[in-house]
Every structure is written in C-alpha cells, then in structure tokens.
Amino acid sequence: MEWAVHVRNPALADRWDDLLADPLRFCEPHLKEFHGPAAGFFRQAAIQSPPRRVCVGNEFCESLLPSLDDFSDLCEKLWLRQLEISFLTPPATDEGLDTLRGLFAWLARQGRPVEVVFNDWGVLQLVHTEFPDLRLVRGRLLNKTMRDPRVVPLYNAANAPAGIRASMQPAGLDSPFLRSLIGKYGVATVEMDLLPNSADMDFRELPFAVACYVPCGFVTSGRHCMISSLHIEEGSQRFRPGAPCRQECREYSTTHTFSASALPTDGTRFFQRGNTFFYYPDEKALHGFLQGAAERGVARLIYEPGLPM
Amino acid sequence: MLLANGAEELYCGMVPDEWVERYTGAVWLNRRSPVGGNLRTFADLGRVIEQAHRAAVPVFITLNAQTYTAGQLPLIVDLARRYVGEAGADALIVSDPGLLMALAEENLSCALHLSSIAATLNSSAIQFFRSLGVRRVILPRSLTLPEIARIVAAAGPQMEIETFILNDGCIFEEGNCLTTHHHSVGAFCTNLVKMSSETVKLSGNPWRAGEEEAAALLLDEFRQRIGVLTNSACSEQSAGTVLPGPCGLCAIPFFEKIGVASLKIVGREASAMRKLMSLRLVRSVVARQRAGASVEEVQEHAQSIRLAPARCVPGEMCYYEWEQNPAAVERPAGNSGLVNISESRAASIPGD
C-alpha cells in the first residue's frame with residue numbers, strides 16, 4: 001500500500017519537506033482537531049517511506065482549473081522531486097473540457113506515466129478517445145454511495161434492517177456491469193471516500209486497485225457556489241452556475257452544525273468550502289480503517305492536508 | 001386529467017411492495033419516497049399506460065437512483081422487464097451506468113433515457129452515454145442556456161435533449177448530492193437552513209470593516225435562495241392557492257430555437273391540483289410560442305401568469321441565467337424543435 005498526498009496548491013509543493021514532517025501545520029486552523037488523527041498516521045508512514053505520488057488539481061469545481069502555465073510549473077516542480085502525478089479533474093461543462101483538453105495535451109506530450117482522475121463520464125470519454133496514453137482513474141464523485149452523516153451511522157448500525165445495511169455497500173465496486181465498463185476503458189484504479197462501512201470491506205478480490213481519501217469526504221457539491229458570490233451585489237445574480245469566481249473558497253469556510261434533532265447524530269458538523277460540503281468520519285472508524293487498510297487490500301491512501309479546495 | 005390538459009408525455013415511478021419489504025422505505029428505488037411519489041402495483045401502472053397510449057401519449061418510468069448495488073440489480077432488472085413487458089412502458093429513465101449496461105443486455109423493447117441525476121454537463125458525456133444505448137438525455141438545471149445550446153448542437157438529431165421547465169429547483173447538483181431526503185431528517189439543503197453556522201477566514205487575517213457582516217448576509221441570502229428553489233414549489237401556499245415553483249418558462253423560445261425535444265415539469269410527490277396548475281401554466285406559454293408570438297411576447301406572457309412578480313421579475317425563481325438573446329441562436333440542422341411537454345404522473349395511493 002502506498003500513501004499519496006494531495007498538493008492542492010503550488011505552495012504545498014514548495015514546502016514538501018515541511019509537509020511530510022508536520023502535516024497538521026498545513027490544515028485549516030479550525031479543523032486541526034478533526035484532522036489530527038489522520039495527520040499522525042500520515043506522518044508516521046512518511047517517516048518509514050516517503051510518499052512517491054501526489055494528487056494535483058481539484059475534483060469539485062471547474063472554476064479552480066489551473067492555467068497551463070501554472071499547471072506545467074507545478075508538474076515540473078514535482079517531477080524534479082521524482083514524484084508521480086495524479087491529476088484530479090472536476091465535473092466539467094464543455095468550456096471546462098476545452099481547458100482540460102489543453103492540459104491533457106501538454107501532459108501527453110511529456111511522455112510520463114501520469115494518471116487522470118475523472119469525476120465526469122465526459123472526461124473519461126475525452127481522455128479515452130484523444131489521449132490514450134494517459135492513465136485513467138475513476139474519481140470519488142462517481143462513487144455514489146449515500147454518505148449523509150445525519151443518517152448513515154444509523155443505517156449502518158448492527159441493529160439496522162439488513163436491507164438498509166446492504167444498500168450502504170460502496171456502490172460500483174461490486175457491480176459486475178460497472179466492472180465491465182471500467183475494464184472496457186482500461187481504468188485500473190477506483191477512488192473512494194472513507195465511508196462508514198469501509199473498515200469492514202475486503203478489497204483484495206476486486207479486479208482494480210482501490211484508493212481512499214483520508215480524512216475528509218464530500219457530502220454534496222454543485223454549481224451554485226455560495227462564497228463566490230461574496231463579491232457580487234445582493235440579488236438574483238448571486239449563486240448562479242457559471243458566475244464569475246475570485247476563488248473566495250481559498251479564504252473563507254463555513255461550518256454548519258446539525259442540530260435540533262432527536263437522532264444520535266445530532267451535533268454532526270459539515271464543512272463548506274466553495275461549492276462543496278465535507279464531513280469527517282468519527283475517529284474510531286478512521287483508526288479502524290487505517291490500521292487494517294493494507295491487509296484488506298487498499299492499494300493507496302491519499303492524505304488531504306486540509307479540505308481539498 | 002393530465003392527458004385532457006395537454007401533457008404530451010408522462011413519466012412516473014412505481015415501487016412494488018417487494019422493494020419496501022426488502023429495503024424499507026428508507027432506501028429509495030427511484031429518488032422519490034415509495035409513499036406519495038410512486039405507483040404501487042403493476043396493475044395501477046398498466047392502467048396509467050393503457051390510458052395514456054389511447055391518447056397516443058408515451059409513458060416513461062423512473063429507475064433513476066444514483067446507483068444500485070450488485071445485490072439490488074437482479075430485482076431492478078426484473079422490474080424493468082415487467083415495466084416494459086407487462087405494463088407497456090415506452091422508456092426507462094436511468095442514471096446508473098451499471099444499470100444502463102445491464103438493461104442493454106436485456107434488449108428490452110423500450111428506449112433508454114438518461115436522468116438528470118447522471119449530471120451530464122458536457123457533449124463528451126453525451127457521446128459516452130450514447131455508447132451505452134441512451135437515446136434521450138435529460139439535462140440538469142445547473143447548466144446555463146449557452147451551455148445547453150452547445151450540448152444540443154453537438155448532440156445532433158440522433159440524441160433527444162430534454163430540459164427542466166417547472167418546479168423543484170435544487171441548490172446542489174442532484175447527481176453529486178449523496179444525502180437523503182428521508183422525512184426523518186429532511187433534505188440536506190432545507191435542513192441546512194436550520195443549522196447553526198459560522199464562517200471563518202482561513203488566512204487568519206482579521207475581518208475588515210463590514211466583511212464579517214457581509215459574509216453573514218451572504219449566508220442568509222443563500223438560505224433564502226434554497227427556500228425559493230425548494231419550498232416555494234411545495235409549501236409556500238396562501239389562501240388556498242398553489243404556487244408552482246421555480247421555472248424556465250422564459251427560456252421556452254430559446255429551447256424551441258435550439259432544438260430541445262422535450263420540456264419536463266417535475267414534482268412526482270406534488271398534489272394533483274399542483275400538477276394540473278403546473279401543466280396549464282406551461283401549456284399556456286408553449287401555446288403562445290407555437291402560435292408564433294415573438295420572444296418578448298412569450299416572456300411577457302410567462303411572467304404575467306406566474307403571479308409572483310417580486311421573485312419572478314428579478315430572476316430569483318429562474319432555473320436559467322438570462323444573458324443571451326435567444327433570437328441570436330440558430331437551430332442546428334436536423335433538430336425539429338420543441339415537440340413534447342413531459343408531465344410527471346403521481347401515485348394514486350393514500351398519502352399522496
């Protein structure tokens with residue numbers, strides 16, 4: 001099992017050694033308590049065997065697609081460190097695909113074994129037909145298992161009805177048809193979030209490698225971004241898909257607390273950055289998963305130094 | 001009722017008791033609650049389809065959960081066979097690529113439509129799903145009009161495109177929202193409005209004068225927008241009126257021009273009265289369009305019959321951004337333009 005790191009901005013690449021030595025330092029200040037346990041695991045793993053792979057890019061928002069200059073600078077910087085690259089790509093409009101096509105073309109010309117992580121079937125189609133030398137990885141947005149922390153701990157509890165529990169299996173991993181589809185396109189790796197029952201799953205028999213992000217997962221995403229409207233005057237033009245973006249998500253984050261419910265999940269927190277809401281699994285589930293991940297056949301753990309925006 | 005009032009296509013869901021016994025009401029077969037948003041028996045479904053077919057109106061059935069597990073697929077495929085073979089459905093509305101592949105192997109005598117839940121945002125994705133046997137794609141409401149125009153132009157006449165036209169907006173991309181709408185907690189978006197929230201600056205820099213207040217105001221407005229997009233469809237009613245929800249009525253001339261095949265009125269869980277009012281609203285605007293009214297006349301008519309000028313005119317209820325002059329867009333060769341109005345058909349079971 002290998003560890004990879006999501007280098008979500010060039011500054012992290014510049015401080016690679018610091019990131020490995022003290023990963024918690026690069027987390028948002030108000031999230032350190034949630035990030036701490038995974039950061040500790042990652043730090044220990046990095047001491048024993050420094051990661052050789054980084055994920056770059058963003059899989060949630062096409063407004064965060066880099067320019068070719070920024071992207072190529074970052075990639076070359078990482079290659080100088082002998083690091084392998086997985087390029088995370090978001091759901092994309094045709095305009096987003098235009099940008100991605102330019103980035104893929106540059107990557108393909110480099111002749112290096114780069115992975116493209118697709119979170120949109122159109123991106124899969126584009127890479128498969130136009131850039132066959134790039135390696136395809138199915139991203140976590142295409143794993144559609146319900147992960148609503150308000151109810152999933154209850155649905156996955158030992159006393160939950162069997163039908164509900166069975167429905168919580170990480171979807172797509174066990175579907176023979178989806179396996180066939182993935183085989184047809186040469187997808188070798190499938191990514192997922194740390195889902196409530198991930199610690200119980202055995203990934204060794206799957207016909208593809210499984211990679212998992214830790215510690216945070218996403219709950220919901222979309223094109224109606226709240227914070228990118230901060231610079232837009234009050235009114236109907238706010239929260240519009242495709243609205244101008246100044247990347248306010250890099251500066252602001254909102255925490256929401258599920259409350260006023262009689263459920264044991266009352267108090268669950270959601271973390272909004274940009275167009276996406278994230279969750280943290282509970283610490284016990286995280287420990288259980290990380291300690292047994294290698295034995296159960298997880299091929300890759302991807303450490304997120306903070307919320308991935 | 002819907003046929004008599006001019007629906008040219010119907011779609012609905014049907015959840016048999018077998019599904020509920022196996023998975024309970026918490027796991028939804030087709031994105032809507034078994035009670036209130038679905039028919040319950042094949043006999044009911046057969047009657048709906050028979051009646052629709054007598055009026056030469058096709059009926060499409062939803063199997064559009066974001067995904068199905070391997071354990072669920074045999075039952076789902078069996079249901080699909082019965083929807084088509086026993087009840088006579090004309091198309092299945094699907095979003096899970098795994099299910100699409102499974103259905104392709106079945107060679108069912110029906111078309112496969114791609115649900116908006118598949119979150120098809122680009123032309124390349126249309127090519128991908130065409131290769132899986134899809135013949136119609138329902139685009140999500142999160143696309144802008146220029147983006148829709150580009151997709152329709154690239155899709156060509158072999159792929160029908162359907163767009164949303166009325167009711168039930170969503171602040172998130174439905175296909176990438178992995179939460180529940182179950183009544184025990186409510187939809188995440190509407191639940192969000194009730195959560196306690198705090199915005200922080202990640203740089204650690206102090207708030208500038210007015211900045212924190214602006215962020216709080218933004219959050220309030222975001223919550224209000226969620227309310228307009230969701231609650232105004234179902235719950236904001238006064239003095240016995242039923243207010244239809246957000247819409248794209250002003251885009252009808254644009255959709256006709258670019259060759260959109262079908263307009264979707266959503267709201268499977270809505271009352272029969274709201275469905276009827278929604279259908280009449282859309283029919284009225286489409287009738288103006290078909291009668292040759294100008295773009296401005298159609299839009300003026302649409303806004304006048306919404307009876308919600310405070311939200312309608314500023315655009316708060318609009319699915320689609322209005323920046324492009326629809327008259328400037330040419331219809332792609334081979335696309336015939338607006339041909340159908342798709343109306344949801346409710347379950348006629350207690351609790352609806």
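Start by selecting helix α10 (residues 272–290) of chain B. Its 19 residues should span 27 Å at 1.5 Å a residue, and the end C-alpha atoms are 26 Å apart, which agrees; the expected span is 1.5 Å times one less than the number of residues. Helices (H or I, at least four residues) and strands (E, at least two) are DSSP runs, numbered from the N terminus.

The model is predicted: local features need pLDDT of at least 70 and side-chain atom pairs count only at pLDDT 80 or more, while totals for chains, interfaces and linings use all residues. Residues are numbered from 1 along each chain as its sequence is written, and chains are lettered from A and ligands numbered from 1 in the order in which they are written.

Stay on α10(B) and show side chains. Buried residues there include Arg274(B), Lys275(B), Leu281(B), Val285(B) and Arg288(B). A residue is buried if 20 or more other C-beta atoms lie within 10 Å of its own, exposed if 12 or fewer, and partly exposed in between, with C-beta atoms placed from the backbone. After the helix comes Gly292(B), with a positive phi near 90°.

Of its contacts with a separation of 6 or more, 74% are between residues 24 or more positions apart; two residues are in contact if their C-beta atoms, placed from the backbone, lie within 7 Å.

Where they touch, 12 residues of domain 1 of chain B meet nine residues of domain 2 of chain B. The domain 1 side consists of six nonpolar, three polar and three charged residues. Here Ala, Val, Leu, Ile, Met, Phe, Trp, Tyr, Cys and Pro count as nonpolar, Asp, Glu, Lys and Arg as charged, and the others, Gly among them, as polar.

Bring in chain A and select the interface. It takes 64 residues from chain B and 67 residues from chain A. On the chain B side, α8(B) supplies the largest share, seven residues. By class, that side has 30 nonpolar, 23 polar and 11 charged residues.

Zoom in on strand β9 (residues 252–257) of chain A, which runs antiparallel to β7(B) and is joined to β7(B) by six bridges. Strands pair if DSSP finds at least two bridges between them. In this pairing, Thr254(A) stands opposite Thr199(B).

Then select the largest nonpolar core, of 195 residues, in which Cys212(A), Ala89(B) and Leu92(B) touch the most other members. Such a core is a set of buried Ala, Val, Leu, Ile, Met, Phe, Trp, Tyr and Cys residues joined through C-beta atoms within 7 Å. The largest share of this core, six residues, comes from α6(B). Both domains of chain B give residues to the core, so it lies between them. Centre on Ala89(B): beyond four places in sequence, its contacts include Ile49(B), Phe60(B), Tyr83(B) and Cys110(B).

Finish at Phe218(A), in strand β8 (residues 217–221) of chain A. Phe218(A) counts as buried because it has 22 C-beta neighbours inside 10 Å. Leaving aside neighbours within four places in sequence, Phe218(A) is in contact with Phe60(A), Asp193(A), Thr276(A), Phe277(A) and Phe278(A).

Methods. Domains from an automatic or database assignment.
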